[in-house]
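Morning, everyone. I have one structure to go through today, and I will keep it short. Have a look at it first.

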Amino acid sequence: MSEHILEEVEAKNNVSIVLFSGDLDKVLAAFIIATGAAASGMQVNIFFTFWGLAALRKDGPGAKKKSFIGKLFGMMLPKGAKKLALSQMNMAGMGTAMIKGVMRGQKVASLPELMEIALELGVHMHPCEMSMNLMGLKKEELLTGIEESVGVATYIAQASASHMTLFI
Amino acid sequence: MSEHILEEVEAKNNVSIVLFSGDLDKVLAAFIIATGAAASGMQVNIFFTFWGLAALRKDGPGAKKKSFIGKLFGMMLPKGAKKLALSQMNMAGMGTAMIKGVMRGQKVASLPELMEIALELGVHMHPCEMSMNLMGLKKEELLTGIEESVGVATYIAQASASHMTLFI
Amino acid sequence: MSEHILEEVEAKNNVSIVLFSGDLDKVLAAFIIATGAAASGMQVNIFFTFWGLAALRKDGPGAKKKSFIGKLFGMMLPKGAKKLALSQMNMAGMGTAMIKGVMRGQKVASLPELMEIALELGVHMHPCEMSMNLMGLKKEELLTGIEESVGVATYIAQASASHMTLFI
């Protein structure tokens with residue numbers, strides 16, 4: 001039994017986040033928590049699923065040889081962290097631009113900067129395999145530095161070894 | 001104290017999910033996590049509250065003797081897992097139909113199938129008593145196989161004995 | 001090691017909630033969970049961030065000497081718990097009014113009442129410092145009884161000492 005206790009005590013330092021949302025404000029919240037936790041020495045895993053995958057997209061042309069559905073999703077899903085919009089008060093982009101301006105004015109890190117800091121701090125970012133397949137996204141369309149895509153079993157294993165579990 | 005530790009270690013294998021949302025994509029995410037956790041031997045409790053109750057509705061005529069408010073909610077709330085729509089890109093049903101088509105094409109289980117698998121794997125589904133009262137929903141309007149409706153005290157007891165706690 | 005175990009066992013009685021949403025239904029869910037947990041003897045911390053801050057606003061005139069952006073947010077963000085709207089079926093306020101009527105009819109506590117109960121039960125409510133700065137909100141514009149504004153490091157410390165962690 002002593003081994004189990006040891007494992008449990010160590011789990012205290014792990015954070016597991018499902019990032020389901022692709023809204024700028026929620027993705028910002030996720031990365032503020034992730035970098036804050038990593039900075040205080042916790043191990044952080046973010047599992048990007050459904051709309052959350054948008055934050056991981058590279059700007060530029062999509063992969064070749066995409067299915068019709070893949071091309072359709074490619075057009076509809078925002079291309080990366082710079083293109084995300086607020087969940088509320090977006091107002092055709094005006095609200096989103098305003099928030100970004102305020103953040104710059106107050107020297108708060110932007111989302112692309114927070115994501116770089118997260119990578120430097122060793123935050124693990126896993127795209128969800130099933131979501132990538134459903135949306136026809138290819139590995140080469142995602143940012144460099146993120147991990148291999150994983151399935152739900154890997155998420156469950158990480159989350160059940162984590163003290164903090166969040167669905168954002 | 002040793003008993004407390006034992007309890008804590010066992011809690012590692014419990015998952016507690018509040019399913020607040022009635023959006024197809026979020027309910028899918030909840031059931032993919034729930035079945036994945038149950039398949040790996042964890043005990044899973046889902047507490048259906050507010051819009052999440054829609055996923056538990058049976059198709060067919062509503063209960064008799066409903067209040068006016070109950071009838072109104074009965075008309076507005078989707079009637080079960082097959083009627084739920086995406087939180088984004090629903091596009092008057094086209095986006096939702098497209099996603100379902102892609103899931104079928106890739107042999108991903110549909111939401112009604114996932115819910116059946118969850119029941120077979122022993123996932124506990126509890127409707128929230130207060131939400132049912134507020135919406136005027138009757139027990140006979142919900143799917144068979146789900147548990148009795150419970151209050152917040154039961155949810156708290158289950159969640160505080162769980163290692164993974166999610167609000168979806 | 002025994003000290004670590006003790007800490008872990010005690011963490012079982014803590015709940016940490018990030019309240020990101022300002023939708024009436026989600027804020028209600030957060031306070032039903034918070035008061036339920038506090039009533040059963042758990043220590044509860046709610047961290048109000050982004051739109052969630054709206055629930056903490058006092059009614060009445062805003063602070064003087066606000067920036068232009070602060071005045072803009074002041075106009076757009078609902079002024080306190082009584083002004084929040086449903087995330088769905090708001091229908092220009094009709095759905096929200098209907099739900100409030102049903103709650104009164106069934107003697108369910110309203111959100112302002114739940115928030116008072118939460119304070120009486122010792123639930124700790126922390127406004128997020130960064131969000132307050134971004135929105136130009138001043139301390140004197142928030143309800144009395146809530147704690148000082150805190151940063152992400154404080155949230156992480158509380159959450160990593162909690163058994164239940166939720167993002168709402």
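About 2800 Å² is buried between chain B and chain A in this predicted model. Carbon and sulfur atoms give 75% of that area. Why quote an area at all? The size of an interface is often given as the accessible area lost when the parts come together.

Now the contacts. How many residues does each chain put in? Chain B brings 32 residues to the contact, and chain A brings 29 residues. Next, charge pairing. Across the interface of chain B and chain A, the count of salt bridges is zero. Polar contacts do turn up: five residue pairs between chain B and chain A, with both partners at pLDDT 80 or more.

Which parts of chain B supply the side that touches chain A? Four elements of chain B each give at least two residues: helix H1 (2–11), helix H2 (24–39), helix H4 (94–105) and strand E4 (164–167). H2(B) has the largest share, with eight residues. Sort that side of chain B by class, and you get 21 nonpolar, seven polar and four charged residues.

To recap the interface of chain B and chain A: about 2800 Å² buried, zero salt bridges, and five residue pairs in polar contact. That's it from me.

Notes
Residues are numbered from 1 along each chain as its sequence is written. Chains are lettered from A and ligands numbered from 1 in the order in which they are written. This is a predicted model: local features need pLDDT of at least 70, side-chain atom pairs count only at pLDDT 80 or more; totals for chains, interfaces and linings use all residues. Side-chain values use heavy atoms; hydrogens and water are left out. Contact means heavy atoms within 4.5 Å. Buried area is the accessible area (1.4 Å probe) that two parts lose on being put together, summed over both. A salt bridge is a side-chain nitrogen of Lys or Arg within 4 Å of a carboxyl oxygen of Asp or Glu. A polar contact is a pair of N or O atoms within 3.5 Å; within protein, one must be able to donate a hydrogen and the other to accept it, and residues adjacent in sequence count only if both atoms are side-chain atoms. Ala, Val, Leu, Ile, Met, Phe, Trp, Tyr, Cys and Pro count as nonpolar, Asp, Glu, Lys and Arg as charged, and the others, Gly among them, as polar.
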